[in-house]
Amino acid sequence: MCSGIVAGVMALGLLCEEEELKLKRILFLLRVQNRFGSLDCCTLSALGADCSGVLEEIGEILQEVIEE
């Protein structure tokens, strides 16, 4: 799994209350999956040579989920 996704799940665990955590975690993972078609590091890294663009988009998805 992409380390950016793992970090996003960890951030949600630190920022969200227990009752909303499961929903936000599922939303985050589904949105990343829908956007990139995968959660796998090798697949995602093929989209950007240095991964910075992928990580930036993952961060944007995470921010959207946190703000909801």
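Okay, let's begin with Arg35: at 44% relative accessibility, it counts as partly exposed (buried is under 20% relative accessible area, exposed over 50%, partly exposed in between, with a 1.4 Å probe and protein chains only). This is a predicted model, where local features need pLDDT of at least 70, side-chain atom pairs count only at pLDDT 80 or more, and totals for chains, interfaces and linings use all residues. Residues are numbered from 1 along each chain as its sequence is written, and side-chain values use heavy atoms, leaving out hydrogens and water.

So what does Arg35 pair with? Arg35 makes a salt bridge with Glu57, with the closest N and O atoms 2.6 Å apart (that's a side-chain nitrogen of Lys or Arg within 4 Å of a carboxyl oxygen of Asp or Glu). Arg35 sits in helix 2 and Glu57 in helix 4, so the pair ties together parts 22 residues apart in sequence. Helices here are DSSP runs of H or I, at least four residues, numbered from the N terminus. Glu57 is partly exposed too, at 25%.

The structure has 2 salt bridges. Arg31 forms one with Glu68, closest N and O atoms 2.9 Å apart. That pair links Arg31 in helix 2 to Glu68 in the segment after helix 4, 37 residues apart. Glu68 counts as exposed, at 51% relative accessibility, while Arg31 is partly exposed at 27%.

Now, over to Cys2. Cys2 lies in the segment before helix 1 and counts as buried, at 8% relative accessibility. Cys2 and Thr43 are 41 residues apart in sequence, yet 9.0 Å apart in space, C-alpha to C-alpha.

Definitions and conventions. Helix = DSSP H or I, 4+ residues; strand = E, 2+ residues; numbered from the N terminus.
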